[in-house]
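Take them one point at a time and look up each residue as you go.

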Amino acid sequence: MNDLLQLEVLDLEVQVLTGIYSEETHLPQPLRISVIVDLDVGECFSPDSPLSMSKNYMDLKRAATTALPNTHFVLVEAVADHIIDTLMIPDPRVARVEVRIVKLAIAEDRESIGIRRVRYRK
């Protein structure tokens, strides 16, 4: 088993058009999205290691923000799958992606109501 590097971007607040109820289907709703990526790295990092040995954190942020299409997602699970595909498909070093989505519009008293989706590379 190779060493893994875990990258994370946590608690991004993103407006996404998602939902199944009529009041949810015409306006974006706020989601709190966190992304954790396990990157398969075969060697240790040195002080002069180039960025190409790792992955740019901004790739994680873009996958959860600007890379989301401007379309209606019925389920937040589909939002998570889109983020996962955006990170896994172009980079074979991505061994695992975890996406956590909290639906802020339905949370009360600091609750975290949402999903956690995890996919492993096969």
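1. Which residues of the largest nonpolar core touch the most other members? Keep in mind that this is a predicted model. The core has 28 residues, and the ones touching the most other members are Ile33, Val35, Ile83, Leu87, Val97, Val99 and Ile101.

2. Now for where the core comes from. Strands E1 (3–16), E2 (29–41) and E3 (94–103) each give at least two residues to this core, and so do helices H1 (57–64) and H2 (76–88). H2 supplies the largest share, with seven residues.

3. Leaving out residues up to four places away in sequence, Ile33 touches Val9, Leu10, Asp11, Leu12 and Val14, plus Ala64, Ile83, Val99, Arg100 and Ile101. Two of the names on that list, Ile83 and Val99, also turned up in point 1 among the core residues that touch the most other members.

4. On to the charged side chains. How many salt bridges does a search of the whole structure find? The search finds 10. One of them pairs the side chains of Lys55 and Asp59, with 3.7 Å from N to O. Are these two partners buried or partly exposed? Lys55 counts as buried because its relative accessibility is 9%, under the 20% cut-off. Asp59, at 26% relative accessible area, is partly exposed.

5. Have a look at Asp81 next. Asp81 forms a salt bridge with Arg117, and their closest N and O atoms are 2.8 Å apart. This pair ties together distant parts of the chain: Asp81 lies in helix H2 and Arg117 in strand E4 (residues 114–120), 36 residues apart. Both ends are partly exposed, with relative accessible areas of 21% for Asp81 and 31% for Arg117.

6. Asp81 has a salt bridge to Arg119 as well, where the closest N and O atoms are 3.1 Å apart. Here too, distant parts of the chain are linked, since Arg119 is in strand E4 and Asp81 in helix H2, 38 residues apart. Arg119 is partly exposed, at 22% relative accessible area.

7. One last thing to trace. Which residues do salt bridges with shared partners join into one network? That network is made of Lys55, Asp59, Arg62, Asp91 and Arg93.

How values were computed
Residues numbered from 1 in each chain as written. Predicted model: local features only at pLDDT ≥ 70, side-chain atom pairs only at ≥ 80, totals over all residues. Heavy atoms only, no water. Core = buried A, V, L, I, M, F, W, Y, C linked by side-chain atoms within 4.5 Å. Buried < 20%, exposed > 50% of the residue type's maximum accessible area, 1.4 Å probe, protein only. Helix = DSSP H or I, 4+ residues; strand = E, 2+ residues; numbered from the N terminus. Contact = heavy atoms within 4.5 Å. Salt bridge = Lys/Arg side-chain N within 4 Å of Asp/Glu carboxyl O.
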